[in-house]
Amino acid sequence: MLRLTKKADYGLMALKYLAEQNSGSAHSAKDIAEAYHIPPQLLAKILQTLAKGGLLVSHAGTNGGYSLARPARDISAFEVIRTIDGPLFITSCITIHGACDLTSTCTIKEPLRKVNDSIKDLLSGIYIADLVETGDAERGNTNAVGGGLVSIAL
């Protein structure tokens, strides 16, 4: 089974939280951590990583915190995961370098590359705005891709 790391999961939750705030103001790591019962120090590091990656804007000062750098409809789950965890590879042979000791005899590299590309495409098509709960989702009229972004079982 392919699973998101805790850091990626927390990052997606934090961006979802920020997208749900109608005020557009900055929110502290502490506020987000309390809302989802996430360890505050870990979340602070994740938010810093997301800010360095250009997905969040960090606001200093008394009323400081974090806000989305772009509209939620323009930030994909894939961008968040890649910013936190780096490139997404389901197996060690599907890497930037693309070579291993078995390259000449391997018969599964190409099928695994297709799976990897499919996962990337799926996550690239899910946006933070898709994760935000609306009145329609609460009534069961949701169009979430793959039934929502909880886990991907292969």
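Q: Before that, what kind of model is this?
A: This is a predicted model.

Q: OK, Glu-20. Is Glu-20 buried or partly exposed?
A: Glu-20 is partly exposed, at 25% relative accessibility.

Q: What does Glu-20 form a salt bridge with?
A: Lys-16. The closest N and O atoms of Glu-20 and Lys-16 are 2.8 Å apart.

Q: How are Glu-20 and Lys-16 placed in helix 1?
A: They sit four residues apart, so about one helical turn separates them. In an α-helix, residues three or four places apart point the same way, because there are 3.6 residues a turn.

Q: And Lys-16, buried or exposed?
A: Buried. The relative accessible area of Lys-16 is 14%.

Q: How many salt bridges in the whole structure?
A: Four. One of them joins the side chains of Glu-110 and Arg-113, at 2.4 Å from N to O.

Q: Where do Glu-110 and Arg-113 lie?
A: Both are in helix 5, which covers residues 109–124. They are three residues apart, about one turn of the helix.

Q: What are the relative accessibilities there?
A: Glu-110 has 40% and is partly exposed. Arg-113 has 32% and is partly exposed too.

Q: Which residues are linked in a network with Glu-110?
A: Arg-113 and Asp-117. Salt bridges link Glu-110, Arg-113 and Asp-117.

Q: Next, Glu-79. Where does Glu-79 lie?
A: In helix 4. Glu-79 is buried, at 18% relative accessibility.

Q: Which side chain does Glu-79 meet in a salt bridge?
A: That of Arg-70, at 2.7 Å from N to O. Arg-70 is partly exposed, with 30% relative accessibility.

Q: Which backbone nitrogen does the Glu-79 side chain reach?
A: That of Ser-76, at 2.9 Å.

Q: What else is Glu-79 in contact with, leaving aside neighbours within four places in sequence?
A: Leu-55 and Asp-74, along with Arg-70.

Q: Staying with Ser-76: how far is Asp-130 from Ser-76 in space?
A: 9.3 Å, C-alpha to C-alpha. In sequence, Asp-130 and Ser-76 are 54 residues apart. Asp-130 is found in helix 6. At 43% relative accessibility, Asp-130 is partly exposed.

Q: Change of topic. How many aromatic pairs are there?
A: One. The pair is Tyr-17 with Tyr-36. Their ring centres are 6.1 Å apart and the planes are at 80°, so the pair is edge-to-face.

Q: Which parts does the tyrosine pair tie together?
A: Tyr-17 lies in helix 1 (residues 6–20) and Tyr-36 in helix 2 (residues 29–36), so the pair ties together parts 19 residues apart in sequence. Tyr-17 is buried at 13% relative accessible area. Tyr-36 is partly exposed at 23%.

Q: Now the largest nonpolar core. How many residues?
A: 31. Leu-47, Leu-50, Val-80 and Ile-128 touch the most other members.

Q: Which helices each supply at least two residues of this core?
A: Helix 1, helix 2, helix 3 (40–52), helix 4 (77–85), helix 5 and helix 6 (128–131). Helix 1 gives the most, with seven residues.

Q: Why would nonpolar side chains gather like that?
A: In soluble globular proteins, nonpolar side chains tend to be buried together.

Q: What does Val-80 touch, not counting residues up to four places away in sequence?
A: Gly-11, Leu-12, Leu-15, Leu-50, Leu-55, Ile-75 and Ile-128.

Q: Back to helix 1. Which residues in helix 1 are buried?
A: Among them are Ala-8, Tyr-10, Gly-11, Leu-12, Ala-14, Leu-15 and Leu-18. Lys-16 and Tyr-17 are on that list as well.

Q: What covers the buried residues of helix 1?
A: The cover includes helix 2, helix 3, helix 4 and helix 6. Strand 1 (56–59) and strand 2 (65–68) are included too.

Q: Last one. What span does helix 1 reach, first C-alpha to last?
A: 21 Å over 15 residues. That is close to the 21 Å expected at 1.5 Å a residue.

Conventions:
Residues numbered from 1 in each chain as written. Predicted model: local features only at pLDDT ≥ 70, side-chain atom pairs only at ≥ 80, totals over all residues. Heavy atoms only, no water. Phe/Tyr/Trp six-rings, centres within 6.5 Å; stacked < 30°, edge-to-face > 60°. Buried < 20%, exposed > 50% of the residue type's maximum accessible area, 1.4 Å probe, protein only. Core = buried A, V, L, I, M, F, W, Y, C linked by side-chain atoms within 4.5 Å. Contact = heavy atoms within 4.5 Å. Polar contact = N/O pair within 3.5 Å; in protein donor to acceptor, adjacent residues only side chain to side chain. Expected span 1.5 Å × (residues − 1).
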